[in-house]
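Here is a short report for a reader meeting this structure for the first time. Take a look at the model before reading on.

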Amino acid sequence: MAAHVDPGYKGPLEYATEEGRMNILGFWIFLGAEFVLFSCLFAMYIVLQGSTAGGPTSQELFEFKSMLIQTLLLLTSSFTCGLAIHEMRRENKKGLIIWLIITLLLGLGFLYMEIEEFLLYIYHEGATWGTSAFLSSFFVLVGTHGAHVTLGSLWMISIIIQLVQRGLTPRTTRKAFIIGLYWHFLDVMWIFIFTIVYLTGMVV
């Protein structure tokens, strides 16, 4: 059933229906809960980062070049996601889809490097989940973020497919806007991870 567009509405299409406005508000509340989750994981990591139990330390494991490339990939994807929403507001379906695909590819590149990093730690450095409390907290925090990026990537693929099939409607634009919020949230969380986990870990 088609969503009812409020008479005389001239704003962004994703806000054109009561359903759209309520879903966007609900997603902001969901992001608040996600922020609490990540805050707990950051607190756990900060408390346990010195508990290496004789295993590899952050200085021995972390490599600045790899972390910088991952950060550039994800931050660039945040920029391209913003361009996608800009094209959506211009009612340019093709531009929206193109920028979402570019965002997706950058996100997949980030995931590839993160998986490669985890495999390097586990199989070449002997740094596993059970090696120490530090590594347990590291894998939980960074792995949780990676799982969110994976979910976001799959979600974005489904939205791209819907945009191709249905075009710009109050429902598809609302979904595109919400995935944009989600993606920007993950980028902000990565900035905290990059700073608190990697930068601090390499110098402290």
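How many residues has helix 5, and what does it reach from its first C-alpha to its last?

## Helix 5

Helix 5 covers residues 133–166, which is 34 residues. From first C-alpha to last it reaches 49 Å. That is close to the 50 Å expected at 1.5 Å a residue. Gly167 follows helix 5. The phi of Gly167 is positive, near 80°.

## The whole chain

This is a predicted model. The protein chain has six helices and zero strands. Along the sequence the pattern reads α-α-α-α-α-α. The C-alpha trace spans about 65 × 30 × 25 Å along its principal axes.

The protein chain has 204 residues, and 44% of them are buried. Take the contacts between residues at least 6 apart in sequence: 79% of these join residues at least 24 apart. The chain exposes about 10200 Å². Carbon and sulfur atoms supply 70% of that area.

## The annotated span

An unreviewed UniProt entry annotates residues 25–202 as "domain: Heme-copper oxidase subunit III family profile". In the model, this span is 86% helix and 0% strand. Its end C-alpha atoms lie 39 Å apart.

## A nonpolar patch

Which residues form a nonpolar patch on the surface? They are Phe64, Leu68, Leu72 and Leu199. Together they have about 320 Å² of accessible area. Helix 3, residues 64–89, gives the largest share of the patch, with three residues.

Phe64 lies in helix 3. Its relative accessible area is 42%, so Phe64 counts as partly exposed.

Notes:
Residues numbered from 1 in each chain as written. Predicted model: local features only at pLDDT ≥ 70, side-chain atom pairs only at ≥ 80, totals over all residues. Heavy atoms only, no water. UniProt positions renumbered as here; feature names shortened; annotations may be inferred. Helix = DSSP H or I, 4+ residues; strand = E, 2+ residues; numbered from the N terminus. Patch = residues over 30% accessible without salt bridge, like charges linked within 9 Å, V, L, I, M, F, W, Y side chains within 5 Å. Areas by Shrake-Rupley, 256 points an atom, 1.4 Å probe, with all protein chains shown as cover. Salt bridge = Lys/Arg side-chain N within 4 Å of Asp/Glu carboxyl O. Buried < 20%, exposed > 50% of the residue type's maximum accessible area, 1.4 Å probe, protein only. Expected span 1.5 Å × (residues − 1). Contact = heavy atoms within 4.5 Å.
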